[in-house]
Amino acid sequence: MNVSELLADLQAQQEEATARSAELRSQIEHLPAALAESEARLTDLATTRKIITEVAPAGAEPDPPETNAAYQAIVNAFNQHPGQQFRARELHELLHMPTDEASVNITRSRLGRLTRQGFLTQPGRGRYQKRT
């Protein structure tokens, strides 16, 4: 291999390494946000699991999936709006849930459980907020 071929080969290797470095830098820039999002999701799931476990009596059949989904939706709403206070009806409107009195009363009961378990606070009558 002559000198010009060697230099051309080195140039090609350098260009490949430069491109790979740029690709890795781009991934590094996006990883902290992706990691934070994933960790937040894990926290939400762990909180929901704890809530569901504490709500169900020992040895009882687990709640139906729609109940678990309702708790998950409520927890997610408070996690997405940690400083905001909600009334049960406002929460239903935010989550596009039925706003009939029976449905809202069920959510009031769920909010009470979440408050007793320490996930929420009740800064005013009928108002709930994520505990900070």
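## Ser103 and its surroundings

Setting aside neighbours within four places in sequence, Ser103 is in contact with His92 and Pro98 (contact means heavy atoms within 4.5 Å). The side chain of Ser103 also makes a polar contact of 2.9 Å with the side chain of Asp100. A polar contact here is a pair of N or O atoms within 3.5 Å; within protein, one must be able to donate a hydrogen and the other to accept it, and residues adjacent in sequence count only if both atoms are side-chain atoms.

A word on what you're looking at: this is a predicted model, where local features need pLDDT of at least 70 and side-chain atom pairs count only at pLDDT 80 or more, while totals for chains, interfaces and linings use all residues. Residues are numbered from 1 along each chain as its sequence is written, and side-chain values use heavy atoms, with hydrogens and water left out.

## Helix α4

Ser103 lies in helix α4, which covers residues 101-116 and has 16 residues. From first C-alpha to last, α4 reaches 22 Å, close to the 22 Å expected at 1.5 Å a residue (the expected span is 1.5 Å times one less than the number of residues).

Buried residues in α4 include Ser103, Val104, Thr107 and Arg110, along with Leu111, Gly112, Leu114 and Thr115. Buried means under 20% relative accessible area, exposed over 50% and partly exposed in between, with a 1.4 Å probe and protein chains only. Just after α4 comes Gly118, with a positive phi of about 90 degrees.

What does Asn79 touch, not counting residues up to four places away in sequence? Its partners are Asp44, Phe119 and Lys130. With Lys130 there is a side-chain to side-chain polar contact of 2.5 Å. Asn79 sits in helix α2 (residues 65-80), and counts as buried because its relative accessible area is 17%.

## The whole chain

Zooming out, the protein chain has 4 helices and 2 strands, running α-α-α-α-β-β from the N terminus. Helices (H or I, at least four residues) and strands (E, at least two) are DSSP runs, numbered from the N terminus.

Of the chain's 132 residues, 25% count as buried. Take the contacts with a separation of 6 or more: residues 24 or more positions apart account for 50% of them. The chain exposes about 9,100 Å², with carbon and sulfur atoms supplying 55% of that; areas come from the Shrake-Rupley method with a 1.4 Å probe, and for residues only the protein chains shown count as cover.
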